[in-house]
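I am opening this notebook to keep track of what I look up in a structure that is new to me. Each entry takes one part of the chain and sets down what I find there.

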Amino acid sequence: ARRAGAAAPWTAAPRTVRARGFFGGGNTNDSDLPGTRDDYSDEDVNFYFEYMGFLAAEGTYDTLEARLQSGVHPADLLLCMAAQEGDVPKLQELLANGADPSATCPVNDKTASELAKNDAVLEAIQAN
């Protein structure tokens with residue numbers, strides 16, 4: 001039996017975790033974080049596609065491949081995806097780094113404003 005107040009044997013010691021710039025915000029002095037639209041890559045689009053559940057919802061990589069092969073800049077692809085997901089922090093990061101709010105998503109030919117999941121997303125785009 002464990003004493004009251006004693007740490008559980010499976011409890012790990014606290015540790016410092018650094019998140020990628022992908023999650024929005026964070027330490028802007030970190031050289032790994034995006035700072036301009038050209039810092040975003042196809043890898044970032046792939047990561048966002050998987051992390052935000054597009055793969056689970058769609059069940060296939062077909063729309064990801066269509067996005068990546070379209071020639072639309074990765075920052076603009078991410079902007080459309082963030083608008084569709086209602087991810088305001090990511091949207092603000094992308095806009096601050098030069099993503100084009102007038103770019104259209106190659107999968108559905110809609111802009112980020114047209115894909116806006118809610119009013120907060122639309123307001124963030126219009127504030128840019």
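**Entry 1: around helix α3**

I began just after α3, where Gly71 takes a positive phi of about 90°. I keep in mind throughout that I am reading a predicted model.

Going back into α3 itself, I looked up which of its residues are buried, and I found Thr63, Leu64 and Arg67. They cover an arc of only 105° around the axis, which puts them on the same side of α3. On the other side of this helix I noted Asp62 and Gln69, which are exposed. I then asked which helices the buried residues of α3 pack against. The answer I wrote down is α1, α2 (54-58) and α4.

**Entry 2: the chain as a whole**

The protein has 128 residues, of which 32% count as buried. I also looked at contacts between residues at least 6 apart in sequence, and 60% of these join residues at least 24 apart.

**Entry 3: helix α1 and its two partners**

I turned next to α1 (residues 42-51), which I compared with α3 (residues 62-69), and found that the two pack at an angle of about 155° with their axes 11 Å apart. An angle over 145 degrees counts as roughly antiparallel, and α1 and α3 are therefore roughly antiparallel to each other. Their crossing is right-handed. For the residues that meet here, I listed Asp42, Val45, Asn46 and Phe49 in α1, and Thr63, Leu64, Arg67 and Leu68 in α3. Among these, Thr63, Leu64 and Arg67 are already in my first entry as the buried residues of α3.

I then asked at what angle α1 packs with α4. The angle is about 15°, and the axes of α1 and α4 are 9 Å apart. That makes α1 roughly parallel to α4, and the crossing of this pair is left-handed. On the α1 side the meeting residues are Asp42, Asp44, Val45, Tyr48 and Phe49, while on the α4 side they are Pro74, Leu77, Leu78, Met81, Ala82 and Glu85.

**Entry 4: the loop between α5 and α6**

I looked up two residues of the loop between α5 and α6, and began with Asn97, which lies in this loop. Is Asn97 buried or exposed? I found a relative accessibility of 13% for Asn97, and since buried means under 20%, Asn97 counts as buried. A polar contact of 2.9 Å joins its side chain to that of Tyr40.

Asp109 lies in the loop between α5 and α6 as well. Asp109 is exposed, with a relative accessible area of 58%, and I marked its backbone, since Asp109 has a positive phi of about 55° although it is not a glycine.

**Entry 5: Ser113 in helix α6**

Ser113 lies in helix α6, and I found it partly exposed, with a relative accessible area of 30%. I set aside its neighbours within four places in sequence and looked for what else Ser113 touches, which gave me contacts with Leu122 and Ile125. I also checked the separation of Ser113 from Ala103, and these two are 10 residues apart in sequence and 9.9 Å apart in space, taken from C-alpha to C-alpha.

**Entry 6: helix α7**

My last stop was α7 (residues 119-126), where I asked which residues are buried. They are Val121, Ala124 and Ile125. They cover an arc of only 100° around the axis, which puts them on the same side of α7. The face turned away from this buried side carries the exposed residues Asp119, Glu123 and Gln126.

I then looked for what covers the buried residues of α7, and this includes α4 (74-85), α5 (88-96) and α6 (112-115). Finally, I checked the N-terminal end of α7, which is capped by Asn118: a side-chain oxygen of Asn118 lies 3.2 Å from the backbone nitrogen of Ala120.

Key
Residues are numbered from 1 along each chain as its sequence is written. This is a predicted model: local features need pLDDT of at least 70, side-chain atom pairs count only at pLDDT 80 or more; totals for chains, interfaces and linings use all residues. Side-chain values use heavy atoms; hydrogens and water are left out. Buried means under 20% relative accessible area, exposed over 50%, partly exposed in between (1.4 Å probe, protein chains only). Helices (H or I, at least four residues) and strands (E, at least two) are DSSP runs, numbered from the N terminus. The arc is that of the directions from the helix axis to the C-beta atoms. Contact means heavy atoms within 4.5 Å. A polar contact is a pair of N or O atoms within 3.5 Å; within protein, one must be able to donate a hydrogen and the other to accept it, and residues adjacent in sequence count only if both atoms are side-chain atoms. Axes are lines fitted to C-alpha atoms, for helices over the stretch in contact, and angles run from 0 to 180 degrees between N-to-C directions. Angles under 35 degrees count as roughly parallel, over 145 as roughly antiparallel, 65 to 115 as roughly perpendicular and the rest as oblique. A crossing is left-handed if the near helix is turned anticlockwise from the far one by less than a right angle, and right-handed if clockwise.
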